[in-house]
Amino acid sequence: MSDGLSRRSFIKLAATASAAAAIPGCEPAARKLIPYVVPDENLIPGVPTFYATTCAECSAGCGVVARVMEGRVIKLEGNPADPISQGAICARGQSALQGLYNPDRLAKPHRRGGDGKLTAIEWDDAAKLLNDQLAAAAKAGKDRVAFVGAAQGPALDKVTQAWAQAYNSSRVIFWEAFSDEPARAAAEACFGRPDLPIYRLDQAETIISFGADFVETWDSPVEYARQFAQFRMPKTRAGGLSIGHAAYVGPRLNATAAKCDEWVAANPGSEGAVAMAVLNVVVTQGWVSQAAGVDVAALKTLVADYDPEKISAQTGVSAATITKIAGWFGQATDGAVALAGGPDPQAHLAAFILNAVSGNLGKTMVFLDGAPARATSSLADVRAVIDAMRDGQVDVLVIAGGNPAYTMPPGDAFKDAANRVGLVVWAGEVPDESAELASLWLPTHHALESWRDSNPRAGVYGLGQPVMQPVFPSRPLHDILIESAHLGAGTAGQAIAYENAADAVSTAWQELQGKIGASATPKQFWDDARRHGGVFQAAKENTVKLAPAVLAQKSPVPGAAAPLTLWAFPHIFLYDGRGANKPWLQEIPDPITQVVWDSWAEVHPETAKQLGLVKDYEGARLFAGINMVEISTPSGPIELTVTISPLVKPGVIAVPYGQGHTSYGRYARGIGVNPFAFLPEGTRNLAVNARKIDKTHKLVTPLGKSDMMGRTIIEAMSLNDLAKGVEPDFGEEKIDQPYEMYPPFVYAGHKWGMTIDVNSCTGCSACIAACYAENNIQVVGKANVDLGRIMSWIRVERYIRDPEEIKEGPPVYIAPVLCQQCDHAPCEPVCPVFASSHTSEGLNAQIYNRCIGTRFCENNCPYKVRRFNWYAPEFIEPLNFQLNPDVTVRGAGVMEKCTFCIQRITTAEIDARTEDRKLIDGEIIPACAQACPARAISFGDINDPNSAMMKRRDDNHGRTYTMLPEFNALPAVTYLRDVYQEKGKA
Amino acid sequence: MNGDIQLVGSFVTDGACAEAIEALHHAKIVSFRTFSPFPSEKIAEAVDEVRGWGRSPVRKFVMAGGFTGALTGLVVTVGTSWEWNINTGGRPIASITPYVVIIFELMILFGVLGAVSSFFFKSGLPAFEQSSGYRTRFGADRFGLVVQAAEGDAAKIEALMRDAGAEEVVREAA
Amino acid sequence: MNRILIPVAVLMFVGGLYTVAVSERPWDPRIGVEQPIPFSHRVHAGINKIPCQYCHEYARRSANSGVPPIERCVGCHGSALLGGIQPVTRPWTNDSQPPFEIRWNRIYTLPDFVRFVHKPHIWAGVQCQECHGPVETMDRVVPVHEINMGFCVSCHAQRGATQECFVCHH
Amino acid sequence: MAAAVEPSNIQLSYLDVDRTAQRVMAPAGLKYWLWVAFCAFLVALGGAFWTRQIYEGLGVTGYGQPTLWAVYITDFVFWVGIAHSGTLISAVLFLFRTRWRTAVYRCAETMTIFAVVTAGLFPIVHLGRPWFFYWLCPYPNERFLQPDFRSPLTWDFFAISTYLTTSTLFLSVGLIPDIANMRDISIGWRKKFYTILSCGWQGTDSQWRNFSMAYLLLAGFATPLVLSVHSVVSWDFATMQTPGMHSTIFAPYFVCGAIFSGCAMVLTLLLPMRKWLQIEDLVTVWHLDNLAKVILFTSLVMTYSYGTEAFVVWYTQDPIEIMTFTQRFFGLQGYLAIGMILCNCVIPLILFSPRARSNTVILFIISIFVNIGMWLERFVLIAGSLATAQMPSQWKFYVPKLTEVLITVGSFGWFLMNFSIFTKFLPIVSMTELKEGITWLRKAGRERHPYRKAA
């Protein structure tokens, strides 16, 4: 009871506090103080509590820590104890909060009447309706109940299965749009076990990725971004300084390719062929490792058809390139790894074989004992269920997650089938396309409100616990299932031992303890798991051998590529569309195209010329595409908005997944197109012909020009220069320390500074999402972004060069730009009212309540990192529950900017003072540095030469530079140059 | 003094008026005042000669105002900077160079205020009681010379004025 | 009389500015607010000498000092059976609100753009009374000082505490 | 209104001067009030949109990163510029004892006052939180916190307010004798009105003596002030590190531009006025001709300044400066800069022809062009330079929305309304000084078509 009361009171406090927060200066804080009846001794109002749980946004299963204040979760941070995330978190993980606090979440159960109108009903009625129908279906015969949903972790999946059995059915589908089925199939073929291996990129010298965008969406992006950053660190190999060689094979230069040495522009769907060609070179050059113990003769016959010369017509990749990357792979003394992504089975097969024959099994690609079994259903099972539905063999269909109506190819097959089902029940958070098919809607808990477990890999058992009281009167999905089994399924149902999901999970953990033989008492084990967010053990590595049989089965050589191919790729933020209802993910620009709030079609300038499209990126607003083309697909013509970019292969129309929702909340509805709706099953590319139509639609981006114009903004230097220790020459004369008119200002105590390693930054934008979450930054929407009013304090700056034209260096420069906290801050002396001033700790302070909005500071800021509030921010209930109470919500008409997370700094300093100790290096971490998966950002005290941040500068002194040095603003942020290796050598 | 009556002479040109003044001066009659529609060099010179006036005292007030302003500027700028010691852009707390602008503007402001106020003060403005002898034409197109005199001297003075070219001379009680 | 007009005008101008200055009160004292419970700080803190932080327990640990949970009241005012002090004679809450959900009226409020944290002030040895006045002598709490920036800054200046804008405004 | 045959001024008497000037102030007819009502309507329009902007936030404008200054600051600089020629004509030319100023200086000075009043509005319109504008002014407050006197905006605040005070006082001192004149001839409420305003002026010798001295010193102060004010305005930009603005040439360049645009505005006002108010024989072609010469001269100086700017940019060899400069002329909004050159450097060259200088229609058209050109110059300098600053990724060109446009239009309405009302109730030409220099007026009348004789 006290619990309930305290919850009510905090909700009230929350509401009032945030309402007041919306207008700083005008409104006093909450007028009422409502005490607890019995205080929770672990909870101090005003001091955050941290709960370890797991992230449910993708299958990587990172551990996260939820920062909870006054009972509201206000921020998600990586769980340092978790071996996968190791304290980092990606943009999608951060945005789980906006799924939790989404204003479009279903609050009550609804049922659809005959006229198709929805009416809210009570939980009991909903449950009764559901149970009756289920019981009837179960009576009618076997397998007349079907469940289609997303995998929710072993324990809960077991519950689902049990529920289905109780209703005398086995039709349970765990649907994942981008499933790991192809990889598992290939693994089964190669090594006789359908596990997924884990990769150790940091221990490789060469990485070749066949369509696997491992720093964006593939498999476990946070982990691989971290490993890749270590892989790219300049380190001494065989005497000389070297960085790993990386090549990305795919039709579009995405963020992953941007960080690789070589972007191998292959035709869509020909990654597998390229991989075989690489294998061919490796074999013919005799780089097959003896240790692998494979039958070279068989190999030779397998790859016979894939001679680089012969195949290059189909793949669109020159033999020279293939030979080069094959050379990197075969001659890597320090281990190499091939990764494969996408649905093409041949690519996975070839990648596994490559890793095997080059003797990297157990080194860079490792199979673990006790790897989790497949969590998602195979395509065959899915098809079976859909057919059954179409043939009217299913009476009740429960859709819970996965949004099959949106993600299942091809478009309408699932919908048609669903329409023949007697009762379609939808259980979820935000009503999506699948909900449109359902006649009964059940609101379920968000992952952060319910118990879960996860087992992303052997030895890693994540425990997801509810981190706050539910925002809406929803119920956990599995409580609904268990209850319906208990009530509706008679004795069969009573057989389910659990009372509810929590019960199921804790039981599963008791079993787990037995399995892994932990010595602690059950309670101890359970408490530790909740404290650490799971149990993490080193799993035993398994030695596998390549099955000779696989070398016998030859796959047909692909035909020549179509003149014009549409190729779809998962959006880095929206992924398969699940992110589309989260404003942060819509507003954070895609790292490469920088397009926001839209889906686009990238085409190469040549293709654009053939289609007669105007070259729209020479103006000041680069890439704000306006042309529209109409493409012909089996499911009718589709209209796409084109952005012309040299970063895609000619003859390819690259379209991101994730947009094109017809439902799924106010933020997702009616934006762009949905490639799932017209791409055939099991592939991501489709030969189309396109024609220009005289319709225009504006793609919006916060980006101006993409040409750096030789200014010192983001720099890259060659490995040789770094080895020789010479400063790279960019044609501008060096600026030596200029004459100072005034004596320098002395910073006695701390002086905060930052070091950002451009070489590590992958442009994943986790820092931006973290900043939005930590600092109450408002989302302004498409129209305002177009007017140049995006509010993010930190942005991922990206500049491109046409890959055909450049001789040396990367084609894309990516680095985060935030307030440089200059000592000679140009923004400060121009402010007439001291709203912008410098603290004694070297921070460039912006005092919101003193600001009168002359906007002089931003005009004078060379880095253009200040942001002005053009409107009063609006945080739609309950999104305002997420606001950080330590940070002012800025009102209309004031300037705001990055503060190095001053609220964290002051809190830490107060703690240190009250505990009468010095600040510990690393005690203060700004949100961006904390989130960064690649660990590109480090923060610390410039006055302390032993701080990790300063050490990083010293260790890489050859690479340090500051942005726009000619303005002598003396930034506190130092960048480390990107490092590339000359195309000539290697 | 012996101002029991006054003679109001009006002239068409300022030259004539000035001559009359000089004539009166020779006749040792100095208790007069003039009205003119616009500042006339000739009349001014004549009057100055009679009264032995130097340049107008307004200058001194303006000087004082200017100094006060400059000082105020210096005190306000430097003083308020030292109140808080806020570091902006690594500049010195009290950086005089930019303050010169403020000091200059305040100097001008106070100088101007000095000028205007002293002008009002010295020329007896605002004054809402009509001084006798003023004719509206003296504001328009005639130059007036009003002489205070004893009954006896009236004839002589009138003659002098008419010789100097007075258009008309009127006697009236002072 | 006109000679005085100008000085008067100047005076009025300056006076006007001064009124503007004083009229800026980001913090408005709420004098004589009636609380839902006839609670007397005089009786508790004054006569019975209960230390402030016995009830406002979070002051030294957090930003907000916190209002005592009802458990804390019952601890002393429990029924005679529990050996508590004799229970209060007056009704606990007025009828306008559910029992056990006391809606105290805030006396001290700060605007949202000021971040005041009790913790460091308590640790720095600042007495509660220095800001809140002699609460132990008041039946109904009345603000003594106007908690505005001038008040904070002057004390910070005296004690040589930080005077960074950024520490309180962020 | 082609070059009308001027009435002969040869025997122009003091009374003629008075009567002509007083006739202007005769009770107004319907036409006049319609005109004032129209201006008032424009003001109301602008006011309404300003209210909306305050209520909803600056988002209703077309502003955004990186052009955080655009139309409003342009208007501010434009109006301040307009103001300056007034002080120039009344003060500087007074010190130089220029004869032809007597007829036009009152009009120019009035224009100054209302232009400054208009200009003063724009920094407030432009603020994000306009209700706190008074924080720019030092006043006793409980925080002991005063403005930062390092900031050019604080300089602006002091410069503009000083300028407004000074020129108002200058005007009113000059007005006193004329008002006294009006007092003597008028009756009824006007009598009371003028009696109070004239402060009992009678033109005695001692009054005239102090008057001349005060007037001289005021002029002496106004001259450095007018130079300083627009230099300060230019430093708003010159002290910025933004390429395209960060240049030491700005102060003289802005001052000259101010005089240029100001004289053009004087012509724009004077030409219709002298027609409709029938003061042709006080404001003669001779005066206009001299004004036109000033415009021509300043236009040449402007052309030179543009050249210098280009040269300096080339001379620095700073790629950022050069890129910004090229963007100004060849970027997306290059046509604005081209138009600026046309209006400010090319079209005024027509004034080399004496006929053009004596033709009121041509003069009027040219003056309009110059006004447009100078507005464009400020816009190109401010919005253009900010649009293409240091960070290419932040480049974006600014396009105004209805709000800015209507508030700008409203500011013109505000200016014209005040000016028109002034002309009806206070003498718009200085009778005193015209009478003082009446010989020159007669001369001007005799040579009323100085250049026709040649033909």
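**Ground rules.** I am working from a predicted model, in which local features need pLDDT of at least 70 and side-chain atom pairs count only at pLDDT 80 or more, while totals for chains, interfaces and linings use all residues. Residues are numbered from 1 along each chain as its sequence is written, chains are lettered from A and ligands numbered from 1 in the order in which they are written, and side-chain values use heavy atoms, with hydrogens and water left out.

**Helix 8 of chain D.** I took helices (H or I, at least four residues) and strands (E, at least two) as DSSP runs, numbered from the N terminus. Helix 8 covers residues 250–276, and at 1.5 Å a residue its 27 residues should span 39 Å, which agrees with the 39 Å between its end C-alpha atoms; the expected span is 1.5 Å times one less than the number of residues. I noted that 24 of the 27 residues are buried, where buried means under 20% relative accessible area, exposed over 50%, and partly exposed in between (1.4 Å probe, protein chains only).

**Backbone exceptions.** Most residues other than glycine have a negative phi, and most peptide bonds are trans. In chain A I found A:Asn168 with a phi near 60°, in the loop between helix 5 (154–166) and strand 8 (171–174), and this residue is partly exposed at a relative accessible area of 29%. A:Phe834 also has a positive phi, of about 60°, and sits in the loop between strand 34 (812–817) and strand 35 (836–838) of chain A, but A:Phe834 is buried, at 9%.

I then looked up two cis peptide bonds. One joins A:Glu877 and A:Pro878, with omega about 0°, and A:Pro878 lies in the loop between strand 37 (867–868) and strand 38 (895–896) of chain A. The other runs from D:Gln65 to D:Pro66, with omega near -10°, and D:Pro66 is in the loop between helix 2 (30–56) and helix 3 (71–95) of chain D.

**Salt bridges.** I counted a salt bridge as a side-chain nitrogen of Lys or Arg within 4 Å of a carboxyl oxygen of Asp or Glu, and the structure holds 60 of them over all chains. A:Glu176 pairs with A:Arg578, the closest N and O atoms being 2.8 Å apart, and the pair links distant parts of the chain, 402 residues apart. A:Glu176 is buried, with a relative accessible area of 14%, whereas A:Arg578 is partly exposed at 24%.

I also noted A:Arg917 with A:Glu923, at 2.7 Å between the closest N and O atoms; A:Arg917 is partly exposed at 29%, and A:Glu923 counts as partly exposed at 28%. Salt bridges that share partners join A:Arg67, A:Glu77, A:Glu774, A:Asp886, A:Arg904 and C:Arg115 into one network.

**A residue of chain C.** C:Gln158, in helix 7 (residues 149–159) of chain C, is exposed, with a relative accessible area of 68%. The C-alpha atoms of C:Gln158 and C:Val14 are separated by 29 Å, the two residues being 144 residues apart along the chain.
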